[in-house]
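Please examine the sequence and the structure shown below.

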Amino acid sequence: MATHLRSQADVLVVGAGAAGLSAALHLAPFRNVLVLSKESVRGSTTNRAQGGIAAVWDPADSLEAHEKDTLNAGAGLCDPKVVEFVVAKANDVVANLLDLGVEFDRDGDDVHLATEGAHSFRRVLHVADATGLAISSKLIEHASNHPNIETRSDRVVIDLVTSVKLGRNDQSVFGAYVYNRRLDRVETVSAPCVILATGGASKVYKYTSNPDGATGDGIAIGYRAGCRVANMEFNQFHPTCLFHPEARSFLISEAVRGEGGRLILPNGERFMPRFDPSGELAPRDIVARAIDFEMKRLGIECVFLDASHLPSSKIKDRFPQIHHKLQSVGIDMARDPIPIVPAAHYTCGGVLVDRHGSTDITGLYAIGETACTGLHGANRLASNSLLECLVFAMSSARHILSQNRARDNANPDIPDWDESMVTNSDEDVVLTQNWSELRRFMWNYMGIVRTDKRLESASRRIALLKNEVYDYYSNYRVNSDLLELRNLILVADLMVRSAQWRKESRGLHYTIDYPQTNVRGIPSVLHPRRDPLDVFQPARSAALG
């Protein structure tokens, strides 16, 4: 029998995007940190972030204005105290990025500030149209060179090990079971503190701007461990994703509209002023619904984003990545309108946390797109996502250090993963079929526009898929496709249940059956329930049975 793979760390960070790596760097001077990445550390969603990071940098701007814009975009569901907290920390995290060597674009001696939808001032610091890549590269560079940070790729966390699962009465985390994709084996990692920073769940939809890894792992893992989740009905659809068979998931940054790009119909007619006085710079939920409406009204596959009236030199200097990508598929954005459609982009809900990133379980934190902090409410303001990642990475690290939950708190007797009762599967085609079916009906029934009937149809199909995947998980050895599908189905269930609970239209949740917005906005909070199809599978370890 093969030797079991076991390791320990002071802090286990699940996810190597901006949130995870930033938290690791804040912790590393004082703790040994193990960072797990599902794929390469360069494969995170952060690398695709084109726009930038929002911060009050212009003397004419103000913290109050940034707070107001965030609250307005959030459609009455933001936590004002969290908004104030995050906006106030923006310049601190920007200063930290500058210290790491991130070189934001400049306009002479000043940092160049872009504008994006629903911002009342230019306040988006950026590196051309590849800000996420620039930030991620510096974080990876510094993390790779730090002696107290170890990064392991090709790792998928299966589930957390908590005190409840070990038969204790308290609510604490002690580590995780981790699937090593490279070795096709399960490892046991002991850690008294765990940070979930796995990103969002937009891969639950057929069309998305996110990479393949955006399967809601941290949200599902946290919920199975006993954490509450909130606001899962609010999934942001980015209005402008390239509509082209060779590049279906390529995003066209909101900054293109910020610099004057116009949304037009196939006949060249501009349509956004009919839907909102701010036109193309209205909040993303309004723009995405307007595009969806026009596509359905006219029976067309896409609309167009036209930047051809802008100076060619400006387009090439400001949007080099987008310009190059479009040229590779035969589109010159300096002359040609860009075919675009909305695509699932950002999960505004997630594991419910406080301003330290703390969850309902002692020692367990959730940050970045995995978390529901109260910043975004019912709709995220553009370029507040990188800001949230970095603020809560710093905040969670400081809280972990203040708690001084030493490695001795980790249980050295976590049982090994037990595969004695499962076999290798020869039915992987089931996973492929279920994956495709889930993403298709979520797009059709839980998309930009919803109805009670569509949500009920989605709920019935999710129940069937949950049973099939539970049966598969109970009888066969795990693999990454199974683990991701298991997580996606649970996240889809959380989304649909939250949407069914909300009997109104608000922000990113629009339903034909309840088009009005209630006077008072209330977050949708789902408490973990003892559904045997949702919970950790005890049969995997005889000692936990």
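H2 passes H3 in a right-handed crossing, a term used when the near helix is turned clockwise from the far one by less than a right angle. Helices here are DSSP runs (H or I, at least four residues), strands likewise (E, at least two), numbered from the N terminus. The model is predicted: local features need pLDDT of at least 70, side-chain atom pairs count only at pLDDT 80 or more, and totals for chains, interfaces and linings use all residues. Residues are numbered from 1 along each chain as its sequence is written, and side-chain values use heavy atoms, with hydrogens and water left out.

Helix H2 covers residues 63-73 and helix H3 residues 80-100; they pack at an angle of about 135 degrees, with their axes 10 Å apart. In this contact (heavy atoms within 4.5 Å), Leu63, His66, Glu67, Thr70 and Leu71 of H2 meet Pro80, Val83, Glu84, Val87 and Ala88 of H3. Helix H2 also contains Asn72, which counts as exposed because its relative accessibility is 53%; exposed means over 50%, buried under 20% and partly exposed in between (1.4 Å probe, protein chains only).

The largest nonpolar core has 54 residues, and Ile53, Phe104 and Ile195 have the most contacts inside it. Such a core is a set of buried Ala, Val, Leu, Ile, Met, Phe, Trp, Tyr and Cys residues joined through side-chain atoms within 4.5 Å. Elements that each supply at least two residues of this core include H3 and strand E13 (193-196). Beyond its neighbours within four places in sequence, Ile195 is in contact with residues including Val11, Leu27, Tyr365 and Ile400.

Methods:
Axes fitted to C-alpha atoms, helices over the stretch in contact; angles between N-to-C directions.
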